[in-house]
Amino acid sequence: TQHRRSSEVLAMRGSYHGGSFATMGITGQSTWRPTSRSSLDVTYAMPPHHSYSSLYGRYEKDDPEFAKACADDLRNLIRTATTGHVAALIAEPVQGVGGFIELPPEYIRGVKEVLDETGILYISDEVQTAFGRTGSHFWGIGESGIEPDMITMAKGLGNGLSIGAVMGRAELIDSMSGKLHLATFGGNHVSTAGALANLNFILDNDLQRNADEVGGYLKDRLTKMAKDSPIVGEVRGRGLMLALEMVGPDGEPNPPAAVRFLQACKERGVLVGKGGIGANAVRISPPLTITREAAEQAANAFEEALAVAGEAAKVG
Ligand SMILES: Cc1ncc(COP(=O)(O)O)c(C=O)c1O
């Protein structure tokens with residue numbers, strides 16, 4: 001906001017950007033936003049996605065025209081719902097808490113074109129998607145070929161140590177130089193040394209390729225088992241960021257099925273997460289170091305857990 005002299009921000013429906021006052025203010029899920037108060041003025045765009053939530057534009061896979069139409073809608077949104085002088089757009093390339101919803105690359109490219117018309121900055125929130133997790137690229141946004149103005153990162157940087165970072169074009173970062181900025185735990189030596197060792201480990205062991213290969217295998221297995229399961233509406237995601245959308249007979253969100261699946265996995269020694277707007281997305285994001293053998297064991301557990309959750313759904 002310092003660089004652009006504006007506090008207006010564009011964000012995505014279904015997004016999650018954190019639990020601080022400012023980041024809650026740009027999060028597009030009311031469950032994670034206990035107050036409507038915000039230090040930023042936010043307008044939400046509607047990204048396209050073939051998901052089970054009406055929050056998203058109904059997008060049939062491989063429909064670049066529709067993705068482009070949603071990006072074009074952003075132009076209208078900027079014209080009609082903002083002052084026209086917007087600081088930045090922030091978006092996760094794959095929405096994490098939102099249930100591993102991928103923004104189509106055509107959409108990201110279209111959005112960037114619209115933003116460039118008035119110099120609005122593109123911030124890629126890569127807290128979940130960075131460091132090769134999505135398999136095909138080091139940064140989640142890489143798939144679109146777009147270079148954002150800023151990137152935020154955290155989780156995979158410290159591998160458990162508390163550290164976050166922001167990277168941006170020099171003129172943007174330099175615009176802060178006249179302001180004092182310091183934090184009690186900022187620049188912690190242990191965290192920074194640990195993060196450096198972690199980054200070197202990721203690169204030296206080509207964990208991005210591992211995410212691509214093992215993630216690809218897991219997605220294949222999940223897709224196959226989902227074909228025979230009436231409670232899985234969709235398998236989505238890429239690399240080691242995969243989700244199952246658990247649904248009822250009419251395709252409606254089925255949170256109890258997600259809970260049963262989670263529980264059955266846990267009983268078999270595999271921990272998976274849950275999320276999504278309807279609390280019905282099972283989120284599978286193992287460590288980047290996961291071996292093919294461990295993934296096979298996990299997939300076997302998923303198969304059994306799907307059968308357990310499927311049987312429970314029949315009983316009702
Ligand atoms: C995409 C994304 N951005 C930012 C954050 C940071 O949130 P927190 O306030 O927990 O650090 C998270 C945490 O889950 C996230 O998933």
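This is a predicted model: local features need pLDDT of at least 70, side-chain atom pairs count only at pLDDT 80 or more; totals for chains, interfaces and linings use all residues.

**Before you start**

Residues are numbered from 1 along each chain as its sequence is written.

**Stop 1: the ligand**

Which residues surround the ligand? They are Tyr 16, His 17, Gly 18, Gly 19, Glu 92, Asp 125, Val 127, Gln 128 and Lys 155; each counts as near if one of its heavy atoms lies within 4 Å of the molecule. By class, this shell holds 2 nonpolar, 4 polar and 3 charged residues. Here Ala, Val, Leu, Ile, Met, Phe, Trp, Tyr, Cys and Pro count as nonpolar, Asp, Glu, Lys and Arg as charged, and the others, Gly among them, as polar.

Now look at polar contacts, meaning pairs of N or O atoms within 3.5 Å; within protein, one atom must be able to donate a hydrogen and the other to accept it, and residues adjacent in sequence count only if both atoms are side-chain atoms. Click on Gly 19: one of its polar backbone atoms is 2.7 Å from an oxygen atom of the ligand. Next, Asp 125 places a polar side-chain atom 2.7 Å from a ligand nitrogen atom. Then pick Lys 155, where an N or O atom in the side chain is 2.8 Å from an oxygen atom of the ligand. On its own the ligand has 390 Å² of accessible area, and the protein covers 70% of that; such areas come from the Shrake-Rupley method with a 1.4 Å probe, and for residues only the protein chains shown count as cover.

The ligand sits in the largest pocket. A pocket is found on a 1 Å grid over the protein atoms alone, as an open set of points where a 1.4 Å probe fits, with protein on both sides within 12 Å along at least five of seven lines. A molecule sits in a pocket if more than half of its atoms lie within 2 Å of the pocket's grid points.

**Stop 2: the loop between β6 and β7**

Phe 100 lies in the loop between β6 (94–95) and β7 (101–102), strands being DSSP runs of E with at least two residues and helices runs of H or I with at least four, numbered from the N terminus. Is Phe 100 buried or exposed? Phe 100 counts as buried because its relative accessibility is 1%, where buried means under 20%, exposed over 50%, and partly exposed in between (1.4 Å probe, protein chains only). Phe 100 also has a positive phi of about 55° although it is not a glycine. Most residues other than glycine have a negative phi.

Gly 98 is in the loop between β6 and β7 and is buried at 2%.

**Stop 3: Arg 236**

Arg 236 belongs to strand β11 (residues 232–238) and is buried, with 2% relative accessibility.

**Stop 4: Ser 6**

Ser 6 is in the segment before β1 (8–12) and is buried at 8%. A polar atom of its side chain lies 3.1 Å from the backbone nitrogen of Glu 8 and one lies 3.3 Å from the backbone nitrogen of Ala 87.

Ala 279, in the loop between β13 (273–275) and β14 (281–284), has a positive phi of about 55° and is partly exposed at 28%. Finish at Asn 159, in the loop between α4 (155–158) and β10 (165–168), which is exposed at 62%.

Definitions and conventions
Side-chain values use heavy atoms; hydrogens and water are left out. On a 1 Å grid over the protein atoms alone, a cavity is a set of points where a 1.4 Å probe fits but cannot get out, and a pocket is an open set with protein on both sides within 12 Å along at least five of seven lines; lining residues have an atom within 4 Å of a point.
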